[in-house]
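Hello,

Here is the structure I said I would pass on. My notes on it follow below.

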Amino acid sequence: MHVDSLLAHAGCGADTETGDLVNPIHISTTFERDSDGSYGKDYMYSRLGNPTRHELEQILTNLEGGDSCFTFASGMAAACAILQSVEAGSTVLLPHDVFHGIPKAILNTPGLSVDTRFVDYRDHRDLDDAIARKPRLVWVETPSNPMLRVTDVRMVAEKAHSVGARVVVDGTWTTPLIQRPLELGADVVFHSITKYLSGHADVLGGAVICRAGSELGQRLEQIQQLGGSVLDPFSCWLTMRSLRTLPVRLKRHCDNADAIAGVLVKHPRVSVVHFPGLPDHSGNSFIGSQMSRGGAMISFQVGELESDPAPAMKVAAATRLIRRATSLGSTESLIEHRASMEGSVTMTPQNLLRLSVGLEDPEDLIADLLQALS
Ligand SMILES: *Cc1c(COP(=O)(O)O)cnc(C)c1O
């Protein structure tokens, strides 16, 4: 069956006594034992396992072509679970351009004792040097946040596996409909459910999907059940509700982004547009081989001076339809001055704006950007 058909029925069709089309939410925290003391229906306590959560985890496992999935109360809870799953003292490679929460969590969470090394994965010598140090985990985010750099997942996975390292791909910006990292050689896929998967800016969640035979799966299950930052049943249910429309939403997000990037790239006040869907972007050659489309996140720089935030701030201040907020992947378009959001650790150009392209009519979005830029 095609993935669109599978998703159109996500969270539906359980065989219930009432014949509901949409499956109910299992909010019970505890489940009754049989008279002999056993748990014949498999569920005992909701932190350890919940039927609604399992339903979502099964759908995400299928979507990524994995073997197991564990959902968490936020993307960062899922990310920290992955970082906890490697032995203390391990070396973890991080890309130069990466969601700022990951290095911040490593630096500021007591007990998350891993050594980080920042690598430009596009620079093969830099990568080979880092691989020679025998990292345990190689963290990939592609396209990266906020510079939209595309990393060759097959190449990184091959090098990482040659020294026994595991590869995680943060697939938040692409979703499994645009990119399937396990097929490219990754061991684990990470998602912030908060973004496209839930898609309406009203659910905070994270997921980790593991390939068959990955030893990380067992450790992640323990961290989920014992650490306890599980995704709650209502958020699981809302996410399944959203997954039913993911294919149509994502198509519109991407079509809108293609149209907007084409206008921005010709605008005299815009010095650079970072978007893999543009023919002369460094990541464009990966469309077809690694990603099916360019996605719907665009970063662009206003004016020539990278150190001057003022012109970009003015553009963000002037949008009317596009809302000024962080985050991404929901129905309404969002614009953000990224450097000031990332704080003092930022390496993002001060004149850069990040745009999460929503589901509005593209003509209205383009008109809003043009008036804000004028
Ligand atoms: C939002 C985001 C995260 C963190 O997820 P939360 O749900 O906010 O905790 C991680 N990676 C990327 C690429 C993101 O966009």
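Helix α2 (residues 51-64) lies across β1, β6 and β7 (206-210), at about 125° to β1. Contact here means heavy atoms within 4.5 Å; angles run from 0 to 180 degrees between N-to-C directions, with axes fitted to C-alpha atoms, for helices over the stretch in contact. Helix α5 (residues 124-132) also packs on the sheet, touching β2 (91-95), β3 and β4 (137-141), and its direction makes about 160° with that of β3. Helices (H or I, at least four residues) and strands (E, at least two) are DSSP runs, numbered from the N terminus.

This is a predicted model, in which local features need pLDDT of at least 70 and side-chain atom pairs pLDDT 80 or more, while totals for chains, interfaces and linings use all residues. Residues are numbered from 1 along each chain as its sequence is written, and side-chain values use heavy atoms, leaving out hydrogens and water.

The sheet is open and mixed, with seven strands in the order β1-β7-β6-β5-β4-β2-β3; two strands pair if DSSP finds at least two bridges between them. Strand β5 (residues 166-170) pairs with β6 in the parallel sense over three bridges, and V169 has V189 as its bridge partner in β6.

Regards
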